[in-house]
Amino acid sequence: MSITPFTVKVLEQCKITLPPNETTTTSFLPLTFFDIPWLFFSPSQPLFFYEFPHPTSHFTATIVPKLKQSLSHTLQHYYHFVGTFFPSSDLTKPPLICIDDMSVALTIAESNGDFFHLCSNYPRDLKDFHLLVPKLASSFSLEGKEELILVLAIQITLFPNVGLCIGHAFHHVVADGRTFHNFFNTWASYCCSFGSASSAFPLKSLPLYDRSVIIDVKGLEEVFLKEWRKRRLVHDIAIGREPNLEDVSGMVRATFLMSATEMEKIKCFIINFCKEKNQTQPVHLSPYVLTCAFVWVCLLKNQQCLNERVKHEDLTYFGFIAGGITRLDYLGPKTYSGNCVGFGRASVKIKELLGQDGIVVAARAIGSTIKKLDSSLFDGAEKWILDWEVFHGSEQHLHAKWSPKLKLYELDFGWGRPKKIEEMSIGYTRAVSLIQSRDVECGIEIGLALPKSKMDTFFILFTKGLSVLPCDPLINFS
């Protein structure tokens, strides 16, 4: 019996502008030192799957107009998402250009794919998902001299009578996870309000774009711009370059769940181990730290189990993003729209993670790094760009995207919470995504992309590792 190939058919391609205005204005939104490191990162590509048991006719006639109108109204508040990034040829600080009649590319599509298969946790072919990711328009010429790079594209794909997927591609230079969450939540809220008795959705607070509230106390802007100029001049780096599908050939993606009960088992193992060995307990055993430590160890052991070349004396790094608003030395406005995050990088020798106390070592390293950022967000910040270069595409090092603190599963457009959320960029950056669990209270969903054979081995290590805790040391599972 032949299997129908998974296809996506484009129904409409359009551009969503801000609501009509009598005048067209141009604003140049300057980048801060928080934005500049993101010039070296590829776009983020989150996919939000929603159950939607309606036919194409209802979708195109009723839902699509509401989504377009609500997106337009949202963009009037988050206007930097319709802007373009302008990396000038003279290597000066690149700004974001925001013009009222600029737009966000929106693609409306229809798929014959298996919606519930794509929303599952078990391993699925990574290539299928890329049909649901919108294409960020390639750079184009401004008067034939400079290149402009769009920072956001959206694709809404209907699975008739079953569900739909809202896919994004956005450049982090315009927004951190917190700002993107606020943007998406505003869009969802506007969409819910349109067509109701009261169609006016009152924003609780307007986004703040005043860049003067970000104070560069350590002169980091010039440090980061120096790195930007050096790489732009020598390597001619392409900002926002999207991946080649050949880079993810043969890879699958899967979701692993870490429940609160399993986190408690890991915590008990660490505490008991430290007591038995008369060691100091790690300073910060939060759910995030416990989850990251366990995954970090499992991935290193995965390489060892597959007989991959592992240099035990080498360092392995774990990187993560730390919210900056609450860690500034002054009171930062929570409504600030843009980037305000720090970069954390924990490091240990590979042999330490492969030892009997590997998970203890991992938790101590990650927790200590978080505490260091708590006390001084900018300590060592001048090395943020250099420190993070090692992560892209690396299997020896691991970094996390997103945060369980962002309530992504609460983003409701009027047809319920998301059925599943996937971050596509982890397929080629070799990162791991960490978001709140949809169905398990206080749980964390771990998104991972690996070649099929490696995913199978990781599944064994992850599940068996949790099953033996807290009685047996982690080194004993195989």
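Modeller: One term comes before the rest: a nonpolar core is a set of buried Ala, Val, Leu, Ile, Met, Phe, Trp, Tyr and Cys residues joined through side-chain atoms within 4.5 Å. Keep in mind that this is a predicted model.

Colleague: How many residues has the largest nonpolar core?
Modeller: Phe184, Ile270, Trp296, Ile366 and Phe413 have the most contacts inside the largest nonpolar core. Helix α7 (residues 287-305) gives the largest share, 12 residues. The whole core has 130 residues.

Colleague: Why does this core lie between domain 1 and domain 2?
Modeller: Domain 1 covers 8-235 and domain 2 covers 251-468. The core lies between them because residues come to it from both domain 1 and domain 2.

Colleague: Which residues does Ile366 touch, leaving out those up to four places away in sequence?
Modeller: Ile366 is one of the residues with the most contacts inside the largest core. Beyond four places in sequence, Ile366 touches Val289, Cys292, Ala293, Trp296, Phe318, Phe320 and Ala346.

Colleague: How many residues are in the other core?
Modeller: Another core lies apart from the largest one. Phe115, Phe159, Val248 and Ile426 are among its members. This other core has 19 residues.

Colleague: Which residue of β16 is the bridge partner of Phe49?
Modeller: Strand β3 (residues 46-51) and β16 run antiparallel and are joined by four bridges. Pro46 of this pair of strands stands opposite Glu423 in β16. The bridge partner of Phe49 in β16 is Lys420.

Colleague: Are the faces of strand β16 covered or open?
Modeller: In a regular strand the side chains alternate between the two faces of the sheet. In strand β16 (residues 420-423), Lys420 and Glu422 are on one side, with Ile421 and Glu423 on the other. These four residues are all buried, so by the cut-off each has under 20% relative accessible area. Both faces of β16 are covered.

Colleague: Is Ser103 buried or exposed?
Modeller: Ser103 is found in strand β6. Not counting residues up to four places away, Ser103 touches Lys15, Ile16, Thr17 and Val82. The relative accessibility of Ser103 is 17%, and a residue under 20% is classed as buried, so Ser103 is buried.

Colleague: Which are the edge strands of the open sheet of seven strands?
Modeller: The order of this sheet is β7-β12-β18-β17-β15-β13-β14, with mixed pairing. Each edge strand pairs on one side only. The edge strands are β7 (124-125) and β14 (341-349).

Colleague: Which residue of β18 is the bridge partner of Gln436?
Modeller: Strand β17 (residues 432-436) pairs with strand β18 (residues 444-451) in the antiparallel sense, over four bridges. The partner of Gln436 in β18 is Ile444.

Colleague: What separation do the C-alpha atoms of Phe273 and Gln356 have?
Modeller: Phe273 is found in helix α6, and helix α6 (residues 260-276) lies across β12 (251-258) and β18. Phe273 touches Gln279, Gln356, Asp357 and Val360, not counting residues up to four places away in sequence. Phe273 and Gln356 are 83 residues apart along the chain, and their C-alpha atoms are separated by 9.7 Å.

Colleague: Over which residues is the pLDDT below 50?
Modeller: The chain has a mean pLDDT of 89, and 89% of its residues reach 70 or more. Where pLDDT is low, the predicted coordinates should not be read in detail. The stretch below 50 has 22 contacts in the model beyond near neighbours in sequence, and covers residues 471-478.

Methods. Residues are numbered from 1 along each chain as its sequence is written. This is a predicted model: local features need pLDDT of at least 70, side-chain atom pairs count only at pLDDT 80 or more; totals for chains, interfaces and linings use all residues. Side-chain values use heavy atoms; hydrogens and water are left out. Buried means under 20% relative accessible area, exposed over 50%, partly exposed in between (1.4 Å probe, protein chains only). Helices (H or I, at least four residues) and strands (E, at least two) are DSSP runs, numbered from the N terminus. Domain bounds come from an automatic or database domain assignment. Contact means heavy atoms within 4.5 Å. Two strands pair if DSSP finds at least two bridges between them. pLDDT is the predictor's confidence in each residue, from 0 to 100. Axes are lines fitted to C-alpha atoms, for helices over the stretch in contact, and angles run from 0 to 180 degrees between N-to-C directions.
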